[in-house]
Amino acid sequence: MAVHELSIKLAGEAGQGVESNGAGFARAAARAGLYVYTASDYMSRIRGGHNSYLLRISDQKARVHRDSVHLLLAFNPHAITAHLHEVVPGGAIIVDEGMRIPEDPVKAAGLQLFPLPLKDLAERVGGSKIMLNTAALGATAAVTGFDLAYVEGVIRDNFGSKKGAAVAEANLKVARAAYELAGDRYGRRFPWKLHAVEDAPRRYLLNGNQALAMGALAGGCRFISAYPMTPASSIFEWLTAHAQRFNVVSKQMEDEIAAVTMAIGAAYVGARAMTATSGGGFSLMVEALGLAGMAEVPLVVVDAQRPGPSTGMPTRSDQGDLLFVTHASQGEFPRLILAPGNVRQCFEAGYRAFNLAERYQTPVIVLTNGFLASSLETVDAQDLPFDEVRIDRGELLDAAALDGLEEPYARFRVTESGVSPRALPGHPKAVYTTPSDEHTEYGAFESEDVANRLQQQPKRMRKLEAARAEMNGPSLYGPGEADVTLVGWGSTLGALQEAVDELNRSRPGSANLLHFTDLWPFPASAEGALARARQLVVVEENQTGQFARLLRAETGRRPDHLITRIDGRAMTPDYILENLKEVALHVGSQAV
Amino acid sequence: MLDLKLYKSENKPTWCPGCGDFGILNAVKQALADLEIWPHEVLFVSGIGCGSKLPDYINANGFTTVHGRALPVAQGAKLAHPGLHVVAVTGDGDGYGIGGNHFLHAIRRNIDITHIVEDNLVYGLTKGQYSPTSAKGFVSSTTPEGAIERAVNPLALALANGATFVARGFSGDPKHLASLFAQALKHPGYALVDVLQPCVIYNRLNTYDFYEQRVYRLEEDANYDPHDPEQAWQRAHEWGERIPIGVLYQESGVPTYEEQVPALAQGGPAQRPMPPLTEAEREALLAELV
Ligand SMILES: Cc1ncc(C[n+]2csc(CCOP(=O)(O)OP(=O)(O)O)c2C)c(N)n1
Ligand code: SF4
């Protein structure tokens, strides 16, 4: 446990400002030099339904949220019933005085209740009860001993430009009034405090979708065509918001089939083009994915997973599309799959995907999910490594090379690597056709000649050999040798790391972690790392252990245990630790 | 005018002898030659079907995609590289059936592409099933009692959606067809040329004879004004004793989609270099995150 660390949960109905206020406080904390990690939990409703927003704030790097809460801001009585059990003993609940609340269970749980006239303050000081939210933020700052100036700064920025100075000023007054009142009444009774960190380095607060979109932009992506689908939409929206400044062509299409095929058209003529969707949309894109494989078009597709099947749980998180995306589309063709695990890795995946797609002239799929998409993380400057971004377009023939061509250009020339030097349409010496049918080296189609097929199909598949060698193996976290090796991929990284830390704190050498970001082709270097593991426990967010199956198929190594989570809620260290206890009871019996 | 031989492909067409697709191929070459568009300056994007094999039979850039998807691929190519002439080639099944949604939206977008539909009123490549443009009552292997639905009227559909160029050609009149293609290629915006294309194997109803007895050229009608939407609407519904071919409708002065995209002011992303972000650009991005 970090020295200064606390978790705050805001809970209420959609439309009560749970998410916007949570994010506002997160920003204030980040500006105060603290590390923040947020997790939002909401239903697919615009108004009503139950929403919550969890902020973990710490002066140490927060890599994930935790299950326990110190301070609950309950915007309605249901929020108390729903989250009471998460609040730690001695923790507190801030509520509006006018709200009818179940007091007995609160007392029974050993919790403190901090009622405040939030609505009254909002009306009296600010002139509108909408500012109840602002009052709640002021009160939060007061009980946690947090410098109100940071909250004020965020209020100014949020309202100042959009709604004008008068609105900002009214909100500031409300925040100050609530701050004073709450401080007087409860400041001494709440033991967890947030102290601004003096001279903290410049840090950034963003979610995985923003990071991925930014990485893509840095990596030369200037084309996105998509169809909105939660939780992928914000990638599309981020690139669209930056379209004018960076000359990005951004196009909302009529459906996912159109979105992906438009991106294929753009990539075909030479743009770095991507599309972003979730599983349902990806299902529609499947035929076109194969087209990109056959036509050897460098296409980038993001699948931000949410629980299925079908429309599933639209606003929740999951890792259930892994085997689907590794096999999607008819026949066999090379594809690469990346699964970033945090903000930094999302940024990296953003530009790496394009380099890999162009180097291997084939589709690259980036697997993220609802959790990565919406969780804000504070990162240090080096976690957005613009300096490391390289734009590698692979074997792309430039105009000079094409001018000097002696022979007719063969787009699909059979090479040892499987990669054929690529010319973009538009040069007089490289006029060629690209069929989705099997084709010759020159792109002539209907070439169902046996000898030709036996050259072209293996040529394409050969790309996987070099890619497999190039794919990053799992990163090792924790001690080199441990009793138990946890294995995970993608979004569960932070939860796994903290679980490992906790295990080793109670018993050094008890656990380490192998975390995969490069999933397909399965990295060649994985085998060595896995061989050193004594007991393998695969942790993932699907029911059947899809990664465990992949691992076994690719390495022959049979994981010893499987910890799964399928409730749509993101993995937490607490969940892993709890389930590890179960595993220990059943050693050897839970075969995968 | 460029030499027609310039567009000669190494690959020999595999269409059935007498297929209407030959006339379309010849007319396309003629239009390119007339407009002096070199093979490397044009990109044909097709779907799947008999007619969609066309890119293989012409010396020009070509991308044969999957069934129904020529239009979005073509639009992506055009937006990424507006310098190319982009021609989408689809069948009636391809363009109005499986790709019907794309058709609807391509029209209203008005991206500067030419869309040629080889409309043989039947599915050729899959051996003779009825198509969206087959007449009600059309007997085929999948409609043995005759098609129950009414046929799609692509011209009316295009007009109703605000298409800025709508034409119909007949592949038995390749010279006229070539002039339609040339006009479509020159038209700034989405240009539809629906081509009556006899399938000599599977469509025994809409044959060369059938059309030759019925088609008439709109431009020979002195009273016809292709800028008048009401006249166009009326002729789009003329099908029976007389079938009009020619430019039904053209609206000039409508900006193309790409003209309205600020990101394309300096050319498409495929035409521009791909430099790393500048220091100022990075700083601006990072400043949003504090
Ligand atoms: C997704 C998909 N569904 C079905 C097919 C089979 N298919 C190939 S061409 C075609 C229809 C062809 O008709 P049309 O588009 O009118 O072209 P034509 O062959 O008549 O020129 C069909 C159904 C396919 N290739 N892909
Ligand atoms: S089946 Fe019909 S459309 Fe296809 S090639 Fe033969 S004649 Fe032409």
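Modeller: What follows starts with one ring pair and then moves to other aromatic side chains. The model is predicted, and a search of the whole structure finds 23 aromatic pairs over all chains. A pair of aromatic rings is described by the distance of the centres and the angle of the planes. For A:Phe282 and A:Phe324, the ring centres are 5.5 Å apart and the planes stand at 85°. Planes over 60 degrees apart count as edge-to-face, so this pair is edge-to-face. The two residues are 42 residues apart, and their pairing links distant parts of the chain. A:Phe282 belongs to helix α12 (residues 279-295) of chain A, while A:Phe324 belongs to helix α13 (residues 322-327) of chain A. A:Phe282 has a relative accessible area of 1% and is therefore buried, the limit being under 20%. A:Phe324, with a relative accessible area of 31%, is partly exposed.

In chain B, one aromatic cluster is formed by B:Phe170, B:Tyr208, B:Phe210, B:Tyr211 and B:Trp239.

In chain A, the charged end of A:Arg203 sits over the ring of A:Tyr35, 3.9 Å from the ring centre. In chain B, B:Arg242 lies over the face of B:Tyr216, and the distance to the ring centre is 3.8 Å.

Key
Residues numbered from 1 in each chain as written. Chains lettered and ligands numbered in written order. Predicted model: local features only at pLDDT ≥ 70, side-chain atom pairs only at ≥ 80, totals over all residues. Heavy atoms only, no water. Phe/Tyr/Trp six-rings, centres within 6.5 Å; stacked < 30°, edge-to-face > 60°. Helix = DSSP H or I, 4+ residues; strand = E, 2+ residues; numbered from the N terminus. Buried < 20%, exposed > 50% of the residue type's maximum accessible area, 1.4 Å probe, protein only. Lys NZ or Arg CZ within 6 Å of the ring centre and 35° of its normal.
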